[in-house]
Amino acid sequence: MGSDPSTDIVPKLNSGELDMAALPTNVAANLYNKTGNVQLLALNTLGVLHILENGNTVNSLADLSGKTIYATGQGSTPEYALNLVLEKNGLTPGEDVEIVFAADNAEIAPLLASGEAQVALLPQPFVTSVLTQNENVRVALDLTEEWDKAVNGESGLTMGCVVVRKEFAEQNKEALDRFLDEYKQSVETVTSEEGLAHAAELAEHYNIIKAAVAEKAIPECNIVFVEGDEMQQIAGGFLQVLYDANPQAVGGQLPNDDFYYKR
């Protein structure tokens with residue numbers, strides 16, 4: 001996985017070269033606030049971030065005091081989510097905890113596996129991949145659980161979504177709704193026991209990740225399909241938390257109701 005793909009995707013959505021895209025949820029809100037020409041179709045990924053340690057000293061967020069955390073996602077959900085849970089636990093990023101941002105997750109994984117990095121924030125499937133490379137590396141904290149505690153369960157850590165250009169949605173409603181039906185069916189298949197092996201084979205076929213790793217990682221990836229009113233409730237709560245922490249995280253203001261595509 002290279003650097004943040006959304007930096008390539010956003011201009012193509014703006015120009016009309018792309019009609020739909022999978023993006024980090026806060027990037028979708030930013031794009032809506034800048035252009036008004038995208039709508040949120042569905043949430044496809046909840047929290048997949050974990051704090052890993054090569055060692056056994058981190059058992060709570062307080063234990064991160066004085067540590068250096070390697071991470072990706074500067075300026076997007078991983079950075080905002082990490083900052084929020086640290087601050088809610090009395091730790092100031094840059095003072096109590098040093099955060100070193102890398103260009104992509106593939107850079108961090110070998111540092112952690114070799115022991116050069118002691119603590120890292122990684123998403124699935126990189127978590128599973130690193131765990132298989134070094135038995136000394138363990139999952140110290142689940143950022144999704146820490147997020148839920150930090151916000152008292154008022155929102156979910158909503159990592160990823162699917163957006164559509166508003167004009168395309170208006171002109172292709174029937175096809176779009178059919179796509180959503182098929183997308184929902186696909187997610188149900190991938191997240192079912194009987195569909196897992198096939199999904200893992202496809203992951204290897206398309207050079208995403210080896211099938212053996214994918215089979216372990218997919219059940220940990222929080223793949224979901226959430227649309228309509230439930231999508232608005234979950235995503236709206238998440239964006240509100242980000243906005244309260246840093247308005248620029250969502251583009252300066254919360255999206256209006258027309259951001260949420262409803263059938």
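User: In S5, what is the bridge partner of alanine 71?
Analyst: Phenylalanine 101 is the bridge partner of alanine 71 in S5. Keep in mind that this is a predicted model, where local features need pLDDT of at least 70, side-chain atom pairs count only at pLDDT 80 or more, and totals for chains, interfaces and linings use all residues. Residues are numbered from 1 along each chain as its sequence is written, and side-chain values use heavy atoms, with hydrogens and water left out.

User: How do you know that S4 and S5 pair?
Analyst: Pairing takes at least two DSSP bridges between two strands. S4 (residues 68–71) and S5 (residues 98–101) have four, so they pair, and they run parallel. The strands themselves are DSSP runs of E with at least two residues, while helices are H or I runs of at least four, all numbered from the N terminus.

User: And what joins S4 to S6?
Analyst: Two bridges do, and these strands run parallel. Isoleucine 69 has valine 119 in S6 as its bridge partner.

User: What makes S5 and S7 edge strands?
Analyst: Look at the open sheet of five strands, ordered S5-S4-S6-S3-S7 with mixed pairing. S5 and S7 each have a single partner strand, so one side of each has no neighbour in the sheet. On average, neighbouring strands here are turned by 30° against each other, direction ignored.

User: How do you know that helix H4 packs on that sheet?
Analyst: Contact means heavy atoms within 4.5 Å, and H4 (residues 105–114) touches S3, S4, S6 and S7. Its direction makes about 135° with that of S6; angles go from 0 to 180 degrees between N-to-C directions, using lines fitted to C-alpha atoms (for helices, over the stretch in contact).

User: Which elements make the β-α-β unit, and what is its hand?
Analyst: S4, H3 and S5 make it, and it's right-handed.

User: Which residues of H6 are buried?
Analyst: In H6 (residues 143–150), Leu143, Thr144, Glu146, Trp147 and Ala150 are. They span an arc of only 160° around the axis, which puts them on the same side of H6; the arc is taken from the directions from the helix axis to the C-beta atoms. Their cover includes strand S3 (49–54), helix H3 (77–88) and helix H11 (228–245). H6 lies across S3, S6 and S7, at about 20° to S7.

User: What is the order of the open sheet of four strands?
Analyst: S1-S8-S2-S9, with antiparallel pairing. S1 (20–24) and S9 are the edge strands, as each pairs on one side only. S2 (residues 38–45) and S9 pair in the antiparallel sense over two bridges, with leucine 43 opposite valine 226 in S9. Helix H2 (residues 25–35) packs on this sheet, touching S1, S2 and strand S8 (160–165).

Notes:
Buried < 20%, exposed > 50% of the residue type's maximum accessible area, 1.4 Å probe, protein only. Right-handed = clockwise from strand over helix to strand, strands pointing away.
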